[in-house]
Amino acid sequence: MDLMATIENAMTSPFIYLAILDAFLPFLPSESVVIAAAVFAVSGIPSLPLIIVFAALGAFVGDHIGFLIGRLLRRRRPGGRLIRAADRIAPHLHRRGGALIIAGRFVPGGRTAIVTASGATGYPLARFAPFAAIAAVTWAGYSGLIGYLGGAAFESDRMLGLAVGLGLALSITALGELVRYVLRRRRAAIAAG
């Protein structure tokens with residue numbers, strides 16, 4: 001069996017929805033799985049709306065698991081290195097927590113850092129949950145649509161569609177990081193001069 005047939009069998013299996021529902025593996029990136037499944041959704045199987053719903057649900061629950069881990073870390077290791085790091089970002093979280101929670105979803109490693117720090121710093125769960133929901137739905141829609149667009153553009157060559165979808169997601173992330181770097185440098189130059 002060739003690689004593409006194996007991938008297609010995995011992506012069109014009903015079990016793909018369980019792979020997308022990453023709630024119990026909140027520290028593993030699932031964007032690639034969501035994009036890959038969405039590439040195959042062009043044919044109708046799997047269902048793009050279900051991909052987005054399962055991805056958003058998994059992200060939302062996974063964020064809450066990360067939040068709980070942060071709370072547990074605070075109780076078990078109050079003076080630990082991770083808690084000291086969380087304490088340094090606590091003022092930022094409490095001042096602009098919503099924006100950080102939403103943006104963190106799209107930054108590599110950002111999700112884990114922000115949701116864990118939110119729990120560790122005592123960020124209120126009642127404020128965390130709505131922002132986590134917005135972040136999860138936005139991220140799931142973005143990832144699903146990126147994959148679907150790649151699949152639609154290269155419907156006759158799904159491997160190319162998969163590569164384009166993943167490449168597009170990586171490019172958007174890299175561009176975001178570049179903009180963030182340039183803005184940070186510009187602010188530092190203004191502050192220094």
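How many salt bridges does the structure hold? The predicted model holds two. Both are described below, after the overall fold.

The secondary structure of the chain comes to eight helices and zero strands. Read along the sequence, the pattern is α-α-α-α-α-α-α-α. The C-alpha trace spans about 55 × 45 × 30 Å along its principal axes. The chain has 193 residues, of which 37% count as buried.

The salt bridges centre on Asp63. In one of them, Arg105 pairs with Asp63, and the closest N and O atoms are 2.7 Å apart. Arg105 lies in the loop between α5 and α6, whereas Asp63 lies in helix α4, so this pair ties together parts that are 42 residues apart in sequence. Both Arg105 and Asp63 are buried. The relative accessible area of Arg105 is 9%. Under the 20% cut-off for burial, Arg105 therefore counts as buried. A further polar approach involves the Arg105 side chain: one of its polar atoms lies 3.5 Å from the backbone oxygen of Ala59.

In the other salt bridge, the side chains of Asp63 and Arg111 meet at 2.7 Å, N to O. Asp63 belongs to helix α4 and Arg111 to helix α6, so the pair ties together parts that are 48 residues apart in sequence. Asp63 has 2% relative accessibility and counts as buried. Arg111 has 10% relative accessibility and is likewise classed as buried. Salt bridges with shared partners join Asp63, Arg105 and Arg111 into one network. The side chains of Arg111 and Asp63 are also joined by a polar contact of 2.7 Å. Helix α6, which holds Arg111, covers residues 110-120. Side chains of opposite charge can pair when their charged atoms come close.

Helix α3 covers residues 31-40. Seven of its 10 residues are buried, so the helix is largely enclosed by the rest of the structure. The buried residues are Val34, Ile35, Ala36, Ala37, Ala38, Val39 and Phe40. The peptide bond from Ile45 to Pro46 is cis, with omega near 0°.

Arg95, Arg96, Arg184 and Arg187 form the positive patch. The elements that give two or more residues to this patch are α5 and α8. Helix α5 covers residues 81-104. Arg184 lies in helix α8. This arginine is partly exposed, with a relative accessible area of 45%. Over 30% is required for a patch residue, so Arg184 qualifies on accessibility at its 45%.

The nonpolar patch is formed by Leu175, Leu178, Val179, Tyr181, Val182 and Leu183. Together these residues have about 510 Å² of accessible area. Val182 has its place in helix α8, which covers residues 158-192. The relative accessible area of Val182 is 37%, and the residue is partly exposed.

Another residue of helix α8 is Ile190. At 62% relative accessibility, Ile190 counts as exposed. The cut-off for that class is over 50%, so Ile190 falls within it. Ile190 and Thr173 are 17 residues apart in sequence. In space, their C-alpha atoms are 26 Å apart.

In outline, the predicted model is a chain of eight helices and zero strands. Helix α3 is largely enclosed by the rest of the structure. Helix α8 contains Val182 of the nonpolar patch and Arg184 of the positive patch.

Note on methods: Residues numbered from 1 in each chain as written. Predicted model: local features only at pLDDT ≥ 70, side-chain atom pairs only at ≥ 80, totals over all residues. Heavy atoms only, no water. Buried < 20%, exposed > 50% of the residue type's maximum accessible area, 1.4 Å probe, protein only. Helix = DSSP H or I, 4+ residues; strand = E, 2+ residues; numbered from the N terminus. Patch = residues over 30% accessible without salt bridge, like charges linked within 9 Å, V, L, I, M, F, W, Y side chains within 5 Å. Areas by Shrake-Rupley, 256 points an atom, 1.4 Å probe, with all protein chains shown as cover. Salt bridge = Lys/Arg side-chain N within 4 Å of Asp/Glu carboxyl O. Lys, Arg positive; Asp, Glu negative; His and termini not counted. Charge placed at Lys NZ, Arg CZ, Asp CG, Glu CD. Polar contact = N/O pair within 3.5 Å; in protein donor to acceptor, adjacent residues only side chain to side chain.
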